[in-house]
Amino acid sequence: MDTLKAENVNFGYGSHQILKNLNFEMNNNQVIGLFGDSGSGKSTLCKVLTGFINDYEGNITVNGQKHKGGYNPIQLIYQHPEKVMNPRWKMKDVLEESWMPDDSLLDEFGIKREWFGRYPSELSGGELQRFSILRSLNPKTKFIIADEISTMLDAVTQVQIWESLLTVARKNEVGVLVVSHDKNLLNRICDDIVYLADITD
Amino acid sequence: MSKLLEVEKLSISFSQYFKGLEQRELKVLSDLTMDVDDHEILAVLGSSGSGKSLLAHAILGILPSNAKIAGSIRYKGKEMDDELKEELRGKKISFIPQSVNNLNPLMKVKDQVIGYTESEEEKQVLVKKQREIFNQYNLSEEVDEMYPFQLSGGMARKVLISTALLNDPEIIIADEPTPGLDEQAVEETINNLVELKEKGIGMILITHDIHTAIETSDRIAILYLGYVIEITDTKNFSGDGKNLLHPYTRSLYRALPETHFELTEGHQPSYQHIPKGCPYHENCPHQVRECHYELPELRELNGTVIRCFNPLVDGE
Ligand SMILES: Nc1ncnc2c1ncn2[C@@H]1O[C@H](COP(=O)(O)OP(=O)(O)OP(=O)(O)O)[C@@H](O)[C@H]1O
Ligand SMILES: Nc1ncnc2c1ncn2[C@@H]1O[C@H](COP(=O)(O)OP(=O)(O)OP(=O)(O)O)[C@@H](O)[C@H]1O
Ligand code: SF4
Ligand SMILES: [Mg+2]
Ligand SMILES: [Mg+2]
């Protein structure tokens, strides 16, 4: 079993303290929901966990090890996939930068091969989000941090995306932290729900 | 009540070049017809990429220059040409944009919400109103002085909504006002929208947030692949949804986490290959023979406007 642990984490933007003595733990067989007020620091925590913010105090570890260079086993998926893709790369390159999934996985996510030759701007939000999820499912990934990844999607696409993501995550034993303001959604897909206020001072 | 805004047979297409030479028309909105009264909210739902934002941009006159537009958009019975669109934009017609990239990254939040005013007196009134709206949304005075990059997702959304509330519009076009808002802010927004409606404003509310649509709107229009496929009374989005007649609308309702979270297979086809016949037939479990050959016309059935040969009339 793999364990993701955040111990005594403190972080602020300048003098503006956001995360105060945060402690959190999950394992790779869990799907955990993270809930909390707007502006309370959920996205900030996601960036801390995945190393996009690194000037924090405290420890983030997987099985007791801090991440030092190389592929990060904790991967972040954002609400807006277009913001983190190179607009001049074709979709095949966007995906291959991480890894190339086999055909059955591409089909599971409804990825049409004709899309490989297109640029990010030539796909809809739902289609792009499928790519960014698949990109994060590199076999070396142990945890996925999903920061409001389905709020911009229609309800039908939302179910499809979660169904595919959680099927693969369970199969590969990848833990998923789901950030959302939609309590009904969290109740549908999570084993447990954590309030940000309960894990900080 | 009178018709504030009427959209009739609106089509939008882009010309795109393929492999450098071959030019093709990409029709992204097809013969769209809908209208809004004063004191009314028309919600627009639909699949991602079905043309909802483009509809909003067409009404406001802010489509990119390579877009071709056909059909008619009328404001109080008067055809809206580019000049009239520009005259109304930001004044009689307010816009809440979908993308938080619409905030100016170099301008403090407070200054962009208030906008440019010449008279000091007018400015004071706006400053006061801005603070009231921000208070409602729990945006502290510190936030007034922040730049957009310092805002969380939900805070940026609140700033966009506040901008539209500050003006005194007759029509509001709201493109996804609620994603990323917490429960309390969503309730606040719902109250604001209903209050505006009671004051007489007519609104097009584009959203994936069906809860907000249900709480505020009178009618709901559903789009798929650039077509209106159903316009129904909001009250039909309740219970087991048996009065929702179009198969896609029914799937959409049953996919909600608060109803069944039911999985429907299949994705919206590409605009490069709009299927012949009904735009939904590739994924429709209810299809009949003509669905493959003919485009169903919009028609009225049980008080609902629908585009379907074989609607779910008996509550299947
Ligand atoms: N780059 C930044 N510089 C300064 N302050 C920031 C920055 N990014 C975020 N903040 C502040 O940090 C706080 C937490 O923001 P964060 O984005 O983590 O909230 P959140 O819980 O994800 O909110 P939401 O639910 O609205 O997305 C907010 O008060 C915000 O103003
Ligand atoms: N400038 C453009 N050139 C070519 N195609 C475009 C352009 N702008 C939008 N489209 C396409 O038109 C279709 C409709 O886009 P639109 O943004 O209106 O969708 P939407 O219904 O608002 O989707 P969402 O719910 O994801 O916001 C999409 O397939 C999109 O890729
Ligand atoms: S017209 Fe036919 S294919 Fe289209 S939604 Fe109706 S039954 Fe389904
Ligand atoms: Mg956030
Ligand atoms: Mg849109």
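User: Which polar backbone atom is 2.7 Å from an oxygen atom of ligand 1?

Analyst: In this predicted model, a polar contact is a pair of N or O atoms within 3.5 Å. Here the backbone atom belongs to G154(B), and an oxygen atom of ligand 1 is 2.7 Å from that atom. Taken alone, the ligand exposes 630 Å², of which the protein buries 89%.

User: Which side chains have an N or O atom 2.8 Å from an oxygen atom of ligand 1, or 3.4 Å from a nitrogen atom of ligand 1?

Analyst: The side chain of K42(A) has an N or O atom 2.8 Å from a ligand oxygen, while the side chain of Y13(A) has one 3.4 Å from a ligand nitrogen.

User: How many residues surround ligand 1, and why is the site shared between chains?

Analyst: There are 19 surrounding residues, the closest being G39(A), T44(A), Q150(B), S152(B) and G154(B); because the residues around the ligand come from chains A and B, the site is shared between chains. At least two shell residues each are supplied by β2 (16–27) and α1 (42–49) of chain A and by α6 (153–166) of chain B. By class, the shell divides into 12 polar, four nonpolar and three charged residues.

User: Which residues have the most contacts inside the largest nonpolar core?

Analyst: A nonpolar core joins buried residues through side-chain atoms within 4.5 Å. The largest one has 98 residues, and those with the most contacts inside it are F131(A), L137(A), W162(A), L5(B), L32(B) and M34(B). Helix α5 (residues 155–172) of chain A gives the largest share of this core, nine residues. Apart from this core lies another, of 34 residues, including V113(B) and Y137(B).

Conventions: Residues are numbered from 1 along each chain as its sequence is written. Chains are lettered from A and ligands numbered from 1 in the order in which they are written. This is a predicted model: local features need pLDDT of at least 70, side-chain atom pairs count only at pLDDT 80 or more; totals for chains, interfaces and linings use all residues. Side-chain values use heavy atoms; hydrogens and water are left out. A residue is near a molecule or strand if one of its heavy atoms lies within 4 Å of it. A polar contact is a pair of N or O atoms within 3.5 Å; within protein, one must be able to donate a hydrogen and the other to accept it, and residues adjacent in sequence count only if both atoms are side-chain atoms. Accessible areas come from the Shrake-Rupley method with a 1.4 Å probe; for residues, only the protein chains shown count as cover. Helices (H or I, at least four residues) and strands (E, at least two) are DSSP runs, numbered from the N terminus. Ala, Val, Leu, Ile, Met, Phe, Trp, Tyr, Cys and Pro count as nonpolar, Asp, Glu, Lys and Arg as charged, and the others, Gly among them, as polar. Buried means under 20% relative accessible area, exposed over 50%, partly exposed in between (1.4 Å probe, protein chains only).
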